[in-house]
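Here are a few notes to read alongside the model. Have the view open as you go through them.

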Amino acid sequence: MVVGSSRQVGKSTLLALKMMYEALKKGFESIMFLTAGDKQLSEVRDDKIRSQFENNRQLKNRIFGPGSLNNKNKFRFSNQSTIHFKAIGKNVGSARGVTARQIYFDEVQSIPRKNISVVRASARTFKETAQYIFTGTFLSEDNTLNQLFLDTCQNEWIIRCSACGEDNPPLGMQHIDLDRPYLFCVHCKAPMDAKKGRWVPQNPNSPKVGYRICTLMTPECTWRTDGHDGLLDLFESEPRYRFMNEMMGLPSVKGVNLI
């Protein structure tokens, strides 16, 4: 599964909770979490996973019993499930020799494509059941994450306008208008409810699953704020390529990439 998203939509939290669930629901599960740098790695390992155990003493005592392990590179629980943590942005060597059935890649846009290929060999033992999840924020069109996403079914959040009955195109720059501080229909300009959408594959013949998550579809989306950090505030102040990447969950198009 490939998930390309805006910033601050909770994708790292989702990965952390999913890894915990997969590791704890049954024993002898093998999971590896990879990201580009040590800072990103520690944020997920310490702030989002380890903190769950520290805040729940009963849970910690149950899963970190005899034979368990709790360090910066690996969690091994009492049920013999393991989660390995590796930063492979510059050096993929630390991930060599680790066998895992489920491999989670975060911030894929910052990981060299050749390093991803090396890591995928870690799951060759599980030919029929191996699972890969790639998440990150799009950069340019030729970035690794965008190339992975294009190879999927490309699920987009499609909203049908309750006023005119027309399906809107995937949420994008056509839904940005400085005179309209709300989500509007591109056909009739009526306001739309972001919750009233559905996932529609744009490349339905692909067997691989992919999703694009845009700030416009989140409950936390604000348009104008006193701190000038609302969506339209940032549209006016940020470079176009950064706004597209970080707020719209879109790759920046050729011609506006930084040299």
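1. First, some ground rules. This is a predicted model, where local features need pLDDT of at least 70, side-chain atom pairs count only at pLDDT 80 or more, and totals for chains, interfaces and linings use all residues. Residues are numbered from 1 along each chain as its sequence is written, and side-chain values use heavy atoms, with hydrogens and water left out.

2. The overall build: the protein has seven helices and ten strands (DSSP runs, H or I of at least four residues for helices and E of at least two for strands, numbered from the N terminus). Its radius of gyration is 20 Å, close to the 18 Å that the globule rule gives for 259 residues, so the protein is as compact as a globular protein of that length. That radius is taken over C-alpha atoms, and the rule is 2.2 Å times the number of residues to the power 0.38. The C-alpha trace spans about 65 × 40 × 35 Å along its principal axes.

3. Of the contacts between residues at least 6 apart in sequence, 66% join residues at least 24 apart; a contact means heavy atoms within 4.5 Å.

4. Have a look at strand 5, residues 82–87. Six of its six residues are buried, so strand 5 is largely enclosed by the rest of the structure. T82, H84 and K86 point one way, while I83, F85 and A87 point the other.

5. Who are the neighbours of strand 5? Strand 2 (residues 30–35) pairs with strand 5 in the parallel sense over six bridges, and L34 stands opposite K86. Pairing here takes at least two DSSP bridges between the strands. Strand 4 (residues 74–76) runs antiparallel to strand 5, joined by three bridges, with R76 opposite T82. Five residues lie between strands 4 and 5 in their hairpin, where Q80 takes a positive phi near 75°.

6. Strand 8 (residues 155–159) is also worth a visit. Five of its five residues are buried, so strand 8 is largely enclosed by the rest of the structure. N155, W157 and I159 point one way, with E156 and I158 pointing the other way. Five bridges join strand 8 to the antiparallel strand 9, residues 197–201, and I159 stands opposite G197.

Note on methods: Buried < 20%, exposed > 50% of the residue type's maximum accessible area, 1.4 Å probe, protein only.
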